[in-house]
Amino acid sequence: MKPRGRLKAYITLPVWLTILFAALAVWVCFLNRMAGLLCVIFVAVYFVIVLLVYRRSSRYVTNEMVDFAMRYGTVQRKILNEFEIPFAILDQSARFLWMNQKFCELTGKDKHSNASIASIFPAITKDRIASSEQLNLQVTKDEKVYRASVRKVAFPEMADDNLELESPDQTIILIYLFDETLKEQYEQEQQDMQMVPALVYIDNYDEVMETLEEVDQSQLLALVDQTVNPYFATRGGIVKKTEEDKYFVVFPHKYLDEMTETGFSLLEDVQSLKAYGGEMTVTLSIGIGDVSTEYMKNYSSARMAIDLALGRGGNQAVLKSGDKTYYYGGGARQKDRTTRVKARVKATALREIMISRDKFFVMGHHIADVDSLGAAIGIYCAARQLGKNAQIVLDTVTTSLRPFVECFSPQNGYPDDLFISSDKALEMADMSSALIVADTNRANYTACPELIGKVRPLVVFDHHRPGDEVIRNADLSYIEPYASSACEMIAEVLQYFDEDIHLSHTEADVLYAGILLDTNNFVTKTGVRTFEAAAYLRRCGAETSRVRNLMRNSMADYKARADAIRHAEVYRDSFAISVCPADNIESPTVACAQAANELLNIIGIKASFVLTAYDNKVYVSARSVDEINVQRIMERLGGGGHTTSAGAQLTGVTVDRAAQEIKRMIDEMLEGDKK
């Protein structure tokens with residue numbers, strides 16, 4: 001060590017004063033030579049003495065300072081060693097250099113141990129320490145929770161103004177452990193005792209009551225009450241029946257995990273009830289809100305959750321927790337609703353909206369199919385009946401869609417601008433226009449998502465189950481998961497829209513084709529209302545032979561579909577997974593869906609998943625028989641659909657990676673069913 005700074009200036013001050021004295025002696029010489037000579041002798045003697053003292057005292061002063069520092073360091077070290085907070089020093093490789101007594105007692109290590117910190121606290125790794133100058137991590141030891149404060153200190157920072165450390169530019173790591181066990185316990189107790197609101201609805205109340213006598217109705221409701229009340233009462237909950245088919249429930253948060261782990265067994269308990277003399281089973285829908293510590297926000301989330309559960313077909317629980325939504329149940333087969341009251345109400349509302357606007361934009365989902373196009377044509381017919389202008393937003397015309405689009409050419413009496421691009425629609429949109437979305441309820445799946453926020457009013461017609469990304473704040477929303485297709489829904493609406501409405505055979509053909517496509521030729525998801533809609537279209541002039549000719553595939557598409565079927569992998573004896581080639585075909589997504597349908601014809605196959613890479617995305621088509629709910633699998637991939645027909649669009653993944661994800665989700669589903 002060597003002096004520097006103020007200490008060095010203090011020690012060398014007499015040396016610098018010699019220069020001043022020498023200058024003074026020279027000045028005296030000019031006044032009096034004898035006096036000047038004496039001054040010069042005095043300065044010389046003074047300089048020699050100062051120089052000797054400086055050389056002897058410099059080392060002495062430094063040694064005294066080092067000795068003081070050592071004594072001071074000893075006191076400081078003793079204080080650190082007896083410090084009540086566990087404290088340790090690590091080197092750059094995250095190994096112990098030293099630890100105080102409390103740290104030794106906590107870890108059971110010797111204070112001179114050279115062990116790695118990660119061997120005691122796996123969360124504190126060398127890489128995590130290197131990534132930041134200061135860290136605050138939560139670690140556990142012997143069932144206690146600690147907050148580990150980790151900080152880097154550079155050696156130059158340890159030097160003071162008086163001593164210069166001639167050491168390399170390295171760092172040491174300081175770690176403090178703060179016991180937060182009680183704090184965590186109090187926070188957990190507070191969270192456990194927080195009351196969670198829930199809404200429980202009998203979602204098929206009207207249908208069940210219609211099949212029972214009055215006495216049997218009371219008996220069935222009593223059975224439901226005796227099932228719902230104990231389920232929540234044993235979990236510290238309070239149940240209040242607000243209407244004959246509605247319950248309001250609050251229960252402590254600590255029981256929420258138990259309910260989710262069992263998949264809300266109340267759904268199955270109620271479904272197993274049988275009414276006296278009745279054939280239909282009762283199903284429940286449950287909506288739970290757990291998004292905040294504020295009760296009103298949780299209640300609002302519970303209302304949104306119950307609406308989502310009912311919109312998805314009922315018989316399920318929906319939990320809104322944080323910014324995520326979780327679905328439970330919903331695996332039972334949906335019952336077809338024969339009443340068409342909702343269709344009549346929606347038709348009246350649509351008519352009122354169309355009367356109030358001059359022009360309409362109609363769009364379906366990205367890469368439109370026949371169902372999307374047919375629904376858009378049906379809405380165009382409704383607008384034409386009122387003398388309004390409707391234009392269909394269509395960017396991509398696939399090979400499967402081209403024969404239908406060509407039927408609506410100017411040569412056949414249709415406007416030149418019936419089909420417009422999304423860019424054109426954005427240019428033309430103004431305050432006098434309205435937007436109608438068909439065959440999708442997700443904004444990012446539409447042909448032009450930007451148009452949704454630009455045009456009001458907004459109308460949504462769809463038959464897919466709504467998810468987290470459902471289009472919100474629509475002026476008219478008709479989402480009917482029980483319907484087979486969007487064309488079925490529009491065909492019903494047209495019957496109540498205007499008694500004098502007329503469809504040409506071409507328009508009836510495309511609506512009929514949309515129903516055929518989504519029902520796989522009336523094989524899947526077909527109910528009474530499906531055949532009634534098909535019968536209406538037949539009366540309007542739809543011909544099965546013309547539709548069949550329009551829906552025929554090219555040789556390349558047929559080969560791609562056959563190749564996907566031939567190379568299908570059977571996973572766990574019941575699931576067919578395959579890849580449909582996208583080369584040399586214009587509509588690989590259509591061939592993908594067709595291959596998924598064909599794979600279900602194989603004995604023993606309960607569900608099929610066909611993937612194809614197209615337009616920088618991986619498209620997945622999932623189909624199943626009634627035993628498997630493929631919608632739940634596709635929702636985990638960010639998609640959706642129905643229990644037996646669903647799909648997803650994946651970005652940033654390969655086909656192989658997507659197939660592995662599907663296998664992993666199948667494993668999780670099967671393991672969950674076993675539990």
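**Strand pairing, burial and cavities in a predicted model**

Colleague: In which sense do strand β9 and β10 pair?

Modeller: In this predicted model, strand β9 covers residues 284–290 and pairs with β10 over six bridges. Within this pair, Asp290 stands opposite Ser321 in β10. The sense in which β9 and β10 pair is parallel.

Colleague: How many of the six residues of strand β10 are buried?

Modeller: Strand β10 runs over residues 316–321. A residue counts as buried when its relative accessible area is under 20%. The strand is largely enclosed by the rest of the structure, because the buried residues among its six number five.

Colleague: In what order do the six strands of the open sheet stand?

Modeller: The pairing in this open sheet is mixed. Neighbouring strands are turned by 20° against each other on average, direction ignored. The order of the six strands is β7-β8-β6-β9-β10-β11.

Colleague: Which strands stand at the edges of that sheet?

Modeller: An edge strand has a single partner strand, so one side of it is left without a neighbour in the sheet. Two strands are placed in this way, one at residues 238–243 and the other at residues 324–329. They are β7 and β11.

Colleague: Which residue in β8 stands opposite Val196?

Modeller: Strand β6 (residues 195–202) and strand β8 (residues 246–252) pair in the antiparallel sense. Their pairing extends over seven bridges. In β8, the residue opposite Val196 is Phe251.

Colleague: Which residue in the turn between β3 and β4 has a positive phi?

Modeller: Strand β3 (residues 134–141) and strand β4 (residues 144–154) pair in the antiparallel sense over eight bridges, and Asn136 stands opposite Ser149 in β4. The two strands form a hairpin with two residues between them. With a phi of about 55°, the residue in question is Asp142.

Colleague: Is Ile367 buried or exposed?

Modeller: Ile367 is found in the loop between β12 (359–363) and α12 (370–385). This residue has a positive phi of about 55° although it is not a glycine. Its relative accessibility is 12%, and the limit for burial is under 20%. Ile367 therefore counts as buried.

Colleague: What is the volume of the largest cavity?

Modeller: The count comes to three cavities of 30 Å³ or more. The lining of the largest cavity includes Ile367, together with Gly364, His365, His366 and Ala368, and also Val393, Leu394, Asp395, Thr396 and Ala447. The volume of this cavity is about 60 Å³.

Colleague: Is Asp573 buried or exposed?

Modeller: Asp573 lies in the loop between β18 (569–571) and β19 (575–579). It has a positive phi of about 70° although it is not a glycine. Its relative accessibility is 68%, and the class for values over 50% applies. Asp573 accordingly counts as exposed.

Colleague: Which residue has a side chain in polar contact with the side chain of Arg623?

Modeller: Arg623 lies in strand β21 (residues 617–624) and is buried, with a relative accessible area of 14%. Not counting residues up to four places away in sequence, it touches residues including Ala593, Asn597, Lys606, Ser645 and Ala646. The backbone oxygen of Ala646 lies 3.3 Å from a polar atom of the side chain of Arg623. At 3.4 Å, the side chain in polar contact with that of Arg623 belongs to Ser645.

Colleague: Where is Glu180 found?

Modeller: Glu180 is buried, with a relative accessible area of 15%. Leaving aside neighbours within four places in sequence, Glu180 is in contact with Val145, Tyr146 and Arg147. Its place is the loop between β5 (171–179) and α5 (181–193).

Colleague: What percentage of the residues in the chain is buried?

Modeller: The secondary structure of the chain comes to 23 helices and 23 strands. Among contacts between residues at least 6 apart in sequence, 62% join residues at least 24 apart. Of the 675 residues in the chain, the buried share is 47%.

Note on methods. Residues numbered from 1 in each chain as written. Predicted model: local features only at pLDDT ≥ 70, side-chain atom pairs only at ≥ 80, totals over all residues. Heavy atoms only, no water. Pairing = 2+ DSSP bridges. Helix = DSSP H or I, 4+ residues; strand = E, 2+ residues; numbered from the N terminus. Axes fitted to C-alpha atoms, helices over the stretch in contact; angles between N-to-C directions. Buried < 20%, exposed > 50% of the residue type's maximum accessible area, 1.4 Å probe, protein only. Contact = heavy atoms within 4.5 Å. Polar contact = N/O pair within 3.5 Å; in protein donor to acceptor, adjacent residues only side chain to side chain. 1 Å grid on protein atoms, 1.4 Å probe; cavity = no way out; pocket = protein on both sides within 12 Å on 5 of 7 lines; lining within 4 Å. Points joined across faces, edges and corners; volume = space filled by probe spheres on them.
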